[in-house]
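Please look over the sequence and the fold before reading on.

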Amino acid sequence: MDDENFESQKLKNDAVYDFVRDRKVVKDPKVLTKSKFLNGLQCPKLLWMRCNAPEAIPLPSDRLQQVFDVGHKVGELAMTRFPGGARIQEDDFLRNIEETKTLLAAANPKPIYEAGVMAGRLFSRADILVPSSLGIGYWDIVEVKCGTDLKDVYLQDIAFQRYCYELAGLKIGRCFLMHINSDYVRDGDIDVQEFFALVDVTDKVALLSGEIKKTIDGFLAIVDMPTCPGISIGKHCNKPYECQMKLSCWAFLPPGNVLELRGNKDKAFQMLDQGIVLLKDIPKNAKLSDTRAIQYQCALAGKPHVDLPAIVAFVKGMKYPLYFIDFETIFEAIPRFNGTSPYQQIPIQFSVHVQEIPGGELKHYSFLQKSPADPRKDFLDSLCACTGIQGNVVVYNRTFEESHVLNKMKDSFPEYESRIADICSRMADLLDVFRSFLYYHPDQRGSASIKKVLPVLGGKSYKDMAISDGGQATTEYSRVTYGDQVDPADRQKVYTDLEDYCALDTIAMVDILAALEALQKG
Ligand code: SF4
């Protein structure tokens, strides 16, 4: 997962959590909740669908429960930062509102968790309401997020809540965002003071207040429209997070469409607006960057682009023996092990294929942590034992293995520092060939991912694998390793599937390099 996708995943975690909670609690689909309000900011069509045809919105199924559990655990932890409060019944909409009213009117106010209020057609439920130091009868809003910094969408979220509470007659003092502190390092029990960053966003939220009534009135008008507003696809489909409706809204796009153009999508969306759907229909005189021009030419010719001299230089630069390596990781909002931080990539598995000479026999080594214990030391031990002291270590996206995994372990395991430095210094990144378009096949559809490159160059595919991507590997590993009441046969099957999946990643690199070598021989 690249950095941009990783950040977007954290945002999506919050969105999915709110989405599921809303569905569980608010039965009237035409009530505007904060998650629907945020949907409206992203796209009027999405808002309308949420309120008028919610069954047509696919749930992000495979990771849903896990994402929901993460949000729930972070929320539970956040409450302990404001102890002594009252927890309101979460799953019963009307009871939630009634209990909130009682607690808000109490003679000795105390923090309220999950306080729900209804104001006209608006429903809001703050994660935590705290008696404010600004005066008797005032309450501070504390919104808890799984993200690690302040995002505009969080401010909009809090602005909606503030408006809704004030409409219901509450006096709101200050507004706080409580997000995860990415610099926190676990040492024993989670220290909630350090784990969360509490940011006073009162002034920033106030800046949004002037527009909020107009925005909400506009959204309620959209909700009441008899038919879905016609909205074209655009950058908004991925901002602030990938829309759940993309599968259906983007389904009309055929292979070879202009959205496959690499990089910023502004121009591609402009082309779509002008009726240019296919790459090959782009006017000949259109100005395109070098890489986009390659995609265009490939679409016209229906053939791959090969920068043979550069590929030959890359292949000749390889120093044997070659160690093809790939890691699988978990990354959790609440760090599981001492010495680790929120969302740190913790390696739980590797596959290494070793090849002594070009086209030579392969030796395979693997590691998979099969217990809930901290895997990092055994991982490093095993990795160092099978990666030799000379020859290239071949990876696919060096940033991940080097920066996100190996270098992050140096502080906890200083005795491995020189070995980590040696492995990293020997890395050769196969992704460079495809990211810089030394080779490009139209069937890659604009992607340099190994999942797209392997079928066109290596003739294999991930599609029949029981585990077929990194996200699924993480989810399944966590489920069977840290979950309760897991059937041993289920656990063993997942471990076998993980071994197969990780091994395919390194075999894929072997095959891709062999295919590149074959290109130079014609
Ligand atoms: S995919 Fe795009 S156009 Fe479709 S509902 Fe989502 S944001 Fe709107």
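The text below begins with the basis of the model and then turns to the sheet and to the charged pairs.

This is a predicted model, in which local features need pLDDT of at least 70 and side-chain atom pairs count only at pLDDT 80 or more, while totals for chains, interfaces and linings use all residues. Residues are numbered from 1 along each chain as its sequence is written, and side-chain values use heavy atoms, with hydrogens and water left out.

**The sheet and its helices**

An open sheet is formed by 6 strands in the order β1-β2-β3-β4-β5-β6, with mixed pairing. Helices (H or I, at least four residues) and strands (E, at least two) are DSSP runs, numbered from the N terminus, and two strands count as paired if DSSP finds at least two bridges between them. β1 (86–87) and β6 (196–200) stand at the edges, each with a single partner strand, so one side of each has no neighbour in the sheet. Strand β3 (residues 122–131) pairs with strand β4 (residues 138–144) in the antiparallel sense over 4 bridges, and V142 in β4 is the bridge partner of I128.

Helix α6 (residues 152–167) packs on this sheet and touches β2, β3, β4 and β5 (171–180), its direction making about 95° with that of β3. Helix α5 (residues 93–104) lies across β1, β2 (112–119), β3 and β4, and runs at about 105° to β2. Contact here means heavy atoms within 4.5 Å, and the angles, from 0 to 180 degrees, are taken between N-to-C directions of axes fitted to C-alpha atoms, for helices over the stretch in contact.

**Salt bridges**

The structure holds 31 salt bridges, each being a side-chain nitrogen of Lys or Arg within 4 Å of a carboxyl oxygen of Asp or Glu.

| Pair | Closest N to O |
|---|---|
| K235 and D266 | 3.0 Å |
| E476 and R479 | 3.0 Å |

The salt bridge between K235 and D266 links distant parts of the chain, with K235 in the loop between α8 (202–223) and α9 (246–249) and D266 in helix α10 (residues 266–273), 31 residues apart. K235 counts as partly exposed because its relative accessibility is 36%, a class that lies between buried (under 20% relative accessible area) and exposed (over 50%), with a 1.4 Å probe and protein chains only. D266, at 35%, is likewise partly exposed.

E402 and R398 are 4 residues apart in helix α14 (residues 398–406), and are therefore separated by about one helical turn. E476 and R479 lie 3 residues apart in helix α18 (residues 470–482), about one turn of the helix. Finally, K34, E143, K145 and D157 are linked in a network of salt bridges.
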